[in-house]
Amino acid sequence: MSKTTYSTDKDLNAFIAGLVRMGWTFQAQGRLPKIIAPNGRKMPVPRSHADWRMLRNIRKSTERLAALPPDTAERP
């Protein structure tokens, strides 16, 4: 089985791999890859780290994203 690389940062890569194992979806289309929560909400993910707080900020953002109600809005 091949190992998927989600990010060049090893800690972020491990965190996203854990999210995918918990039911999140990783989508690598376009300029920025996205992770999609089980409730349908999307969040862009950097391929490389920008600063030392990046992983902490992404963890908090995913917690907030998972707590939101399902995304049922119609999009054109």
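Leaving aside its neighbours within four places in sequence, which residues is Phe-15 in contact with? Leu-55, Ile-58, Arg-59 and Thr-62 are the partners, where contact means heavy atoms within 4.5 Å. The views below start from there.

This is a predicted model, in which local features need pLDDT of at least 70 and side-chain atom pairs count only at pLDDT 80 or more, while totals for chains, interfaces and linings use all residues. Residues are numbered from 1 along each chain as its sequence is written, and side-chain values use heavy atoms, with hydrogens and water left out.

**View 1. Phe-15 in helix H1.** Helices are DSSP runs of H or I with at least four residues, numbered from the N terminus. With a relative accessibility of 18%, Phe-15 counts as buried, because that term covers values under 20% relative accessible area (1.4 Å probe, protein chains only). Ser-61 lies 46 residues from Phe-15 along the chain, and 13 Å separates their C-alpha atoms.

**View 2. Helices H1 and H2 packed together.** On the H1 side, the contact is made by Asp-11, Leu-12, Phe-15 and Leu-19, and on the H2 side by Met-54, Leu-55, Ile-58, Arg-59 and Thr-62. Six of these residues are nonpolar, one is polar and two are charged; here Ala, Val, Leu, Ile, Met, Phe, Trp, Tyr, Cys and Pro count as nonpolar, Asp, Glu, Lys and Arg as charged, and the others, Gly among them, as polar.

**View 3. Thr-62 in helix H2.** Here is a residue with 5% relative accessibility, so Thr-62 counts as buried. The Thr-62 side chain reaches the backbone oxygen of Arg-59 at 2.8 Å. Beyond its neighbours within four places in sequence, Thr-62 is in contact with Phe-15, Leu-19, Trp-24, Ile-35 and Met-43.

**View 4. Ser-7 in the segment before helix H1 (10-21).** Ser-7 counts as buried at 5% relative accessibility. Its side chain reaches the backbone nitrogen of Asp-9 at 3.2 Å. Apart from neighbours within four places in sequence, Ser-7 is in contact with Leu-12, Asn-13, Pro-46, Arg-47 and Ser-48.

Notes
Helices (H or I, at least four residues) and strands (E, at least two) are DSSP runs, numbered from the N terminus. Buried means under 20% relative accessible area, exposed over 50%, partly exposed in between (1.4 Å probe, protein chains only). A polar contact is a pair of N or O atoms within 3.5 Å; within protein, one must be able to donate a hydrogen and the other to accept it, and residues adjacent in sequence count only if both atoms are side-chain atoms. Axes are lines fitted to C-alpha atoms, for helices over the stretch in contact, and angles run from 0 to 180 degrees between N-to-C directions.
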